[in-house]
Structure formats: C-alpha cells, structure tokens
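Thanks for passing this one along. I've jotted down a few points to look at while you have the model open.

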Amino acid sequence: MAERTILVTGGAGFIGANFVHALVELRPDWRIVNLDALTYAGNLENLTEVEGNPNYTFVHGDITSTDDVSKAFDACGDDAPVSVVHFAAESHVDRSIHWPLPSVQTNVIGTQVLLDEFRRRSAQRFLHVSTDEVYGALGEEGMFTEETPLAPNSPYSSSKAGSDLLVRAAVHTHDVDAVITRCSNNYGPYQFPEKLIPLMIANASEDKPLPVYGDGLYVRDWIYVRDHCEAILRVLEAGRKGEAYNVGGNNEYPNIEIVRRILSILGKPESLITYVKDRPGHDRRYAIDASKIRSELGWEPRFDFGTALPLTIEWYQTHSVWLQRVRSGEYRDYYARQYGS
Ligand code: NAD
Ligand code: DAU
C-alpha cells in the first residue's frame, strides 16, 4: 500500500517530468498518477525510465475537462491520501502573446476545474506551481518577495496570476489546504527547445543562428530544475497552508551572457549570434528573494550555474536522439505506439 498518492498534472512536460523522476528516487513508496493532455509540450519520452514502475500511472487527459480530472482522481485509488502537484500549463510567453486563449483556458479554467474536484474528493493538499512572472518586471534594483504586488505583463503571466488568485480564493473561501510556489527561470534536462537555453544549445550544435531578442540585456534569475523540484517537495511536505513561497537560485545573468557561455562551452563562434526583433512587452529583469523558503523550510539550491550549465549542455549532447525527435516532431508518435491510440 502506498503511503501517499501524488496526482501530478503536466508530468510529461519539462519540470513535471523532472519532478516525477525526483519523486521516484526520493519517495519510492509514494504512488504517482500523471495527468497530462500531451500538448506539443508534453513528451512521454521524458518518462520512459519510470513507465514500468508499479507505483506510476499515466492518465491521458485535459485539466479543463471535469471528466478527465475525475478519471485521474479515480486512478489515485482510495487507500492513501491524495495530494495534487499542479504543473500543467501553457508555459511559453511568446506563444501566449500570439495565441492567448490556450493560456487562459488551461492556466485559469483548468486550475479551477482541478480545485473543484480536489474539494469534492476532500483531498489532502494542493500545491500550485506558479512563476515569478506574476510579479511583473524589475528595473536594475530590487528583488521580488512574496509581498510584491502581482503585476503581470504577458497573457501567460496574467493567466498564471489569475490561477494564483483562484488558489487563494479556494483557501480563503473553502478552507482548502493549498500552497503556491513561485519560481524563476529553470534550466536542465527535458526542456522543450523553444525556451532560451535548450534552443541556443540545439541551434549552436547545428551551426544555426542564435536569435537574441532586442539588445540581449534582459536579465533572468536561473535555477537548475532539480533544485526547483526539491523545493516543491519541501513546500508540499512542510509549507504552511495558504502561503506562497518564492524559489530562486540567486543567479542573475543577461541573456547575451548565457548565449556566449553556451557558445564557449560548445566551442562555437560568436558570429552565430543574431539580434532579432524584440518580444512585445518584454519584461526587463526578474530576480527572486528566496529568503522565506530558506529560513522557514531550510531549502537551499544545491547546484551552481558554473557546474549545472555544462552538465545541462552535456545532457543535450548525450540525448541527441531525444532532441532530434522533438525538433522533428517524431516524439508525438510515442503515445500511439505505446498506448495504442
Ligand atoms: P511545459 O510547457 O514544459 O509542460 C507543460 C505540460 O503541461 C506538458 O506536458 C503539457 O502536455 C501539459 N499540459 C498543457 N496543457 C494541459 C492541459 N490542458 N491538461 C493537461 N495537461 C496539459 O512547462 P514547464 O516549463 O515544465 O512548466 C511547468 C509549470 O511550471 C508551469 O505551470 C509553469 O508556469 C511553471 N514554471 C515554469 C518555469 C520555467 O522556467 N519553465 C518557471 C517557473 C514556473
Ligand atoms: O521566470 C519564469 C518563467 O521563465 C516561466 O514562468 C516560463 O514558463 C518560462 O518559459 C520562462 O519564461 P521566459 O520568457 O523568461 O523564458 P524564455 O526561455 O522564453 O526566455 C528567456 C529570456 O530569453 C527572455 O528574456 C527572452 C529571451 N529569448 C528567448 C528566446 C526563446 C531570446 O532572446 N531569444 C529566444 O529565442
């Protein structure tokens, strides 16, 4: 009998898959049910190593569908308390700028559908995985704390802020045991190569141009995905009900420096850098003050950028087949082959 069941949403995506791998390793007695719609960002090839694990179940379904969400709760069984760790989202800012509706549907409506079913089932704890982008943009000074007012600027971050507020409302109105994490930019294995770091690694490896938006001086606060996953587990187990926790690596770099480092590690020329039209409404800088999670829950990032960036580059090099199948779209056939529809 499992000690605890975790319903992970979006577990076939980048951070969700890393979280599933971390749970299998760190909490081998827990049952994991992964509810994922397998959008373009969902890739079951991120999870081949856990497929045969008797404690792991995949449910193909959409968080905006009450039937699918109910099916996923059914798959959790009733012999152990069920907690939800909610990753599923339309996560890419550029896509949300061009096609905002999917972000609103999944991030806002999907979160409410999950919260409703969570309450109906009297489940244990709801952990909502949010983002530092809900706080908006910073100038050269300052950091986001949990007290920073929400001031999102893109359809993506606005829809995430909307979902944060729905979680807050569930706690306040219905006494739901929910917690929120707000993390900065992640990097590491299994990230879809539309995001800065894997895109630059993939393009540089093929001697293709590296598209840098605007002046390249936009600043992000980078954290290795495994550190984020361990922070989520810590908040799930020990966070205070109704609280939000910022998660960050205290690791700010302008984009152009990231791109130069990748080129240097790969031994590729800087002539591949191509400045392109800026992202509309581009947030200038993010920086996370993570002192609350450090002092209250004792969480610290374990990986520093100097070692984890080369590790990440090496991962994409040794997983060139994974990368090539994602870039070509072949990864989308995996579900049909594995599950027969
Ligand atoms: P991702 O885009 O790599 O993965 C998203 C996953 O959600 C995919 O597997 C996709 O199939 C699934 N999904 C999308 N819509 C769905 C739906 N309607 N129903 C069921 N499944 C659906 O995203 P990611 O980068 O892994 O981000 C995961 C979460 O973490 C998101 O909530 C994001 O807002 C948050 N976050 C991401 C970062 C980052 O740097 N990537 C930082 C902070 C917070
Ligand atoms: O801060 C957390 C957020 O980080 C998450 O909530 C989002 O889900 C995640 O996608 C990420 O958002 P960003 O917009 O910061 O990530 P992205 O990788 O798209 O871009 C990082 C920076 O690099 C940003 O300033 C835009 C720039 N960029 C990005 C791409 C894809 C480029 O200059 N060129 C590019 O081709």
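This is a predicted model: local features need pLDDT of at least 70, side-chain atom pairs count only at pLDDT 80 or more; totals for chains, interfaces and linings use all residues.

1. Have a look at strand β4, residues 82-86. Five of its five residues are buried, so the strand is largely enclosed by the rest of the structure. Val82, Val84 and His86 point one way, while Ser83 and Val85 point the other way.

2. Which strands does β4 pair with? Strand β1 (residues 5-9) runs parallel to β4 and is joined to it by five bridges, with Ile6 partnered to Ser83. β4 also pairs in the parallel sense with β5 (residues 126-131), this time over three bridges; there, His86 stands opposite His128.

3. Val85 turns up again in the largest nonpolar core, which has 41 residues. Val85 is among those with the most contacts inside that core, as are Phe19, Phe87 and Leu127. Phe19 touches Val85 and Phe87, and its other contacts include Val8, Cys229 and Ile232. A second, separate core has 33 residues, including Tyr190, Ile256, Ile258 and Leu272.

4. Now for ligand 2, which is surrounded by 24 residues; the closest are Thr131, Asp132, Tyr156, Arg279 and His282. Polar side-chain atoms sit 2.8 Å from a ligand oxygen in the case of Glu133, 2.8 Å for Arg220 and 2.9 Å for Asn255. The protein covers 94% of the 690 Å² of accessible area that ligand 2 has on its own. Elements giving two or more residues to the shell are α6 (196-205) and β8 (210-213).

Conventions. Residues are numbered from 1 along each chain as its sequence is written. Chains are lettered from A and ligands numbered from 1 in the order in which they are written. Side-chain values use heavy atoms; hydrogens and water are left out. Buried means under 20% relative accessible area, exposed over 50%, partly exposed in between (1.4 Å probe, protein chains only). Helices (H or I, at least four residues) and strands (E, at least two) are DSSP runs, numbered from the N terminus. Two strands pair if DSSP finds at least two bridges between them. A nonpolar core is a set of buried Ala, Val, Leu, Ile, Met, Phe, Trp, Tyr and Cys residues joined through side-chain atoms within 4.5 Å. Contact means heavy atoms within 4.5 Å. A residue is near a molecule or strand if one of its heavy atoms lies within 4 Å of it. A polar contact is a pair of N or O atoms within 3.5 Å; within protein, one must be able to donate a hydrogen and the other to accept it, and residues adjacent in sequence count only if both atoms are side-chain atoms. Accessible areas come from the Shrake-Rupley method with a 1.4 Å probe; for residues, only the protein chains shown count as cover. Lists of a residue's contacts leave out its neighbours within four places in sequence.
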